[in-house]
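Dear colleague,

Please find below the structure that I am handing over to you, with its sequence. My notes on what was found in it follow directly after.

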Amino acid sequence: MAKKIGVTMEVGNDGVAVITITNPPVNSLASPIIAGLKEKFQDANQRNDVKAIVLTGNNGRFSGGFDINVFQQVHKTGDLSLMPEVSVELVCNLMEDSRKPVVAAVEGLALGGGLELAMACHARVAAPKAQLGLPELTLGVIPGFGGTQRLPRLVGLAKATDMILLSKSILSEEGHKLGLVDALVPPGDLLSASRKWALDIADGRKPFLRSLHRTDKIGSLSEARAILKNSRQLAKKIAPNMPQHHACIEVIEEGIVHGGYSGVLKEAEVFKQLVLSDTAKGLVHVFFAQRATSKVPNVTDVGLKPRPIKKVAIIGGGLMGSGIATALLLSNIRVLLKEINTEYLMKGIKSVEANIKGLVSRGKLTQDKAGKALSLLKGVLDYTEFKDVDMVIEAVIENIQLKQSIFKELEKVCSPHCILASNTSTIDLDVIGEKTNSKDRIVGAHFFSPAHLMTLLEIVRSKNTSAQVILDLMAVGKAIKKVPVVVGNCIGFAVNRTFFPYAQAAHMLTNLGVDLFRIDSVITSFGLPLGPFQLGDLAGHGIGLAVGPIYAKVYGDRMFNSPLTELLLKSGRNGKINGRGFYIYEKGSKPKPDPQVLSIVEESRKLTNIMPGGKPRSVSDKEIVEMILFPVVNEACRVLDEGVVIRAADLDIASVLGMSFPSYRGGIVFWADMVGPKYIYERLKRLSETYGGFFKPSRYLEERAMKGMLLSESQSSRSRM
Ligand SMILES: CCC[C@H](O)CC(=O)SCCNC(=O)CCNC(=O)[C@H](O)C(C)(C)COP(=O)([O-])OP(=O)([O-])OC[C@H]1O[C@@H](n2cnc3c(N)ncnc32)[C@H](O)[C@@H]1OP(=O)([O-])[O-]
């Protein structure tokens, strides 16, 4: 059934016109809604029987803002005329400058353009717990319906810049204290209270306030300039590679210096420039790509319902097991944590406690909730209590025989409906379940460390995993606030496999004579939070050495064998875990590059002997980025070619959430498409002529480069799903 969308107006006997937005699920401001609003406001302004106006949204949500699909259309076509003229024509002229008072009746949420419409009203009445914010910067644009001007005038400049630059929303309770909300009423009274407020303004019992004309909360020019100076520093820190934060501050300043209306005009002009930026393209892509991950063909579209998962057993209380336990407990899921002896069990429980305590001390969790979460945890040393768990997540070391024996045992001790999940990051699920008759309920639940903080959950399905089990795990993932991405079964799955060339390329460059600390710094300037060497330190070089042979077995034709990790370990540098790797780690201070590591690098260079003519290769920063990330793109192509992901956008989300690839670059495949498959292919080809198979372009990349196709276009039919 087509969803009913539109704007309605009902005029009551009291002379109040109630204008209602209907566009499920979030009442986004799509073009027909904007046209409808213009028409209804014009009508209400002209009608003699209308004394005052109330604006509201249907189904308990005011509005989630401008329709982001339109941005996507603009990105596809480059046609800016698709953006409706709203800020002056509707918001200033028809609403704020209307001679009839307009009151916003806000429930559920008023975000972006939604809040901006509410701020153009002459008062705002809200229900409790309504979410209010201007998150436009997360989409690479700035508020474009006057939000940059009205929010500072309603809540003060410091609070407004904080909310806009950090895209922080607030609840209506806080909005009430700040003056953004004029009255807080129970949802059942929202419309009647708003009508009354509108009539009170019309009859002069309450002030007729136009937000854009207010100056009482802005302060003096010098105070404003001091706040904006701090905002600029903040923007430099949080968004060094993005244009919208600085642009937004300029626009706010324009309004402070030359008045709100001038600010609105500048806002519209800057908005148009930003909406076409690569940053906006990347971030809008990520917005939709993230939501698309919850649509899995033959799983979410076949009428199945997720079964309730109330009790989960975790095998192994190490770093991963305790992190996963923490994530489940925080979402009110009971956890049995199993270890092999009391010492390890106590360690695991302590580590869950430390995770939860950390959240409390950072103000992310109340003491009450922490206590409740911990009360749901029980440590066990055997399988006696496994009979009534809904799911088991195995999180022991990467040892095939050990995992096989655990799954064989689980099959005996758990109910036949229990989901049997493994947190393996590399091992083939078919191999793990080889000794069982339960292959349809074996699934990969690959969390990323620290599991209670990282949002990606790779759900790995083998060719036998049932749709029901995948759906159940997706539901658990969402319940514990993760973004589940369903992927196919192969060594390294989607994320680790795509990124295995990342560290290898960095090692190759170092062996070619490039300074390793420079490599890290170039990669962090590109936007990844950690360069490959610091990331290696964090993961621990022992792990790198252990998984290396597993990858070499299947991807050996494109591996670079660097002796560097082994040499590092030999010299007692395990990484952050023992305070020494490529960097030195001391409590309370940032990691420091360790110059002593250079002699180890020299030793490695002697062994590999790949420097051209024995001299360090000179490379530009751009070449460093290309030599490190193009091999990653190349592996992403193979992942796409083999159908390990459902759609290219899933790999984008996996790279953003699993590897912290910058979201404003849209994820690994989106970025590669922006750079150009042909260019990447040619660069890799040239590199492979000099340095061999590691850089050899994949068939998929070559094919798309030759045909002038994007990497994200028309995936292979060789699906593993
Ligand atoms: C000139 C313009 C100026 C203006 O200042 C610019 C803006 O306002 S920019 C906008 C500023 N506003 C924002 O940045 C708010 C962006 N939105 C959000 O943060 C969350 O969606 C929200 C909190 C609203 C609901 O969370 P939740 O309950 O977890 O639900 P969910 O997240 O799963 O979404 C459900 C469905 O709704 C869809 N959809 C949602 N919003 C929009 C939209 N604006 N548009 C279109 N679609 C939208 C979403 O794609 C999904 O569709 P599907 O087909 O079912 O996959």
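**The ligand and its surroundings**

In the side chain of Arg291, an N or O atom lies 2.7 Å from an oxygen atom of the ligand. Please note that this is a predicted model, and the values in this message are to be read accordingly. A polar backbone atom of Gly113 is 2.8 Å from an oxygen atom of the ligand, and a backbone N or O atom of Gly144 is 3.0 Å from a ligand oxygen atom.

As to burial, the ligand taken alone exposes 1000 Å², of which the protein buries 74%.

**Two helix pairs**

Two packed helices are described by the angle between their axes and by the distance between those axes. Both values are given for each pair below.

Helix α20 (residues 516-526) packs against helix α25 (residues 621-641) at an angle of about 85 degrees, and their axes are 10 Å apart. Because angles of 65 to 115 degrees count as roughly perpendicular, α20 is roughly perpendicular to α25. On the α20 side, the contact is made by Arg518, Ile519, Val522, Ile523 and Phe526; on the α25 side, by Asp621, Ile624, Val625, Ile628 and Leu629. Eight of these contact residues are nonpolar, none is polar and two are charged.

The other pair is α27 with α28. Here helix α27 (residues 668-675) and helix α28 (residues 677-691) pack at about 90 degrees, with 6 Å between their axes. The angle therefore makes α27 roughly perpendicular to α28. Ala672, Asp673 and Val675 of α27 meet Pro677, Tyr679 and Ile680 of α28. By class, this contact of α27 with α28 has five nonpolar residues, no polar residues and one charged residue.

**Backbone points in the loops**

Where are cis peptide bonds found? One joins Pro24 and Pro25, with omega of about 5 degrees; Pro25 lies in the loop between β2 (16-22) and α1 (31-46). Another joins Ser449 and Pro450, with omega of about -5 degrees. Pro450 belongs to the loop between β15 (442-447) and β16 (456-461).

Positive phi values also deserve mention. Ser167, a residue other than glycine, has a positive phi near 50 degrees, and its place is in the loop between α6 (157-165) and β8 (170-171). Asn609, which is not a glycine either, has a positive phi of about 50 degrees. The loop that holds Asn609 runs between α24 (597-608) and α25, the latter being the helix that packs against α20.

With kind regards

Terms used
Residues are numbered from 1 along each chain as its sequence is written. This is a predicted model: local features need pLDDT of at least 70, side-chain atom pairs count only at pLDDT 80 or more; totals for chains, interfaces and linings use all residues. Side-chain values use heavy atoms; hydrogens and water are left out. Axes are lines fitted to C-alpha atoms, for helices over the stretch in contact, and angles run from 0 to 180 degrees between N-to-C directions. Helices (H or I, at least four residues) and strands (E, at least two) are DSSP runs, numbered from the N terminus. Angles under 35 degrees count as roughly parallel, over 145 as roughly antiparallel, 65 to 115 as roughly perpendicular and the rest as oblique. Contact means heavy atoms within 4.5 Å. Ala, Val, Leu, Ile, Met, Phe, Trp, Tyr, Cys and Pro count as nonpolar, Asp, Glu, Lys and Arg as charged, and the others, Gly among them, as polar. A polar contact is a pair of N or O atoms within 3.5 Å; within protein, one must be able to donate a hydrogen and the other to accept it, and residues adjacent in sequence count only if both atoms are side-chain atoms. Accessible areas come from the Shrake-Rupley method with a 1.4 Å probe; for residues, only the protein chains shown count as cover.
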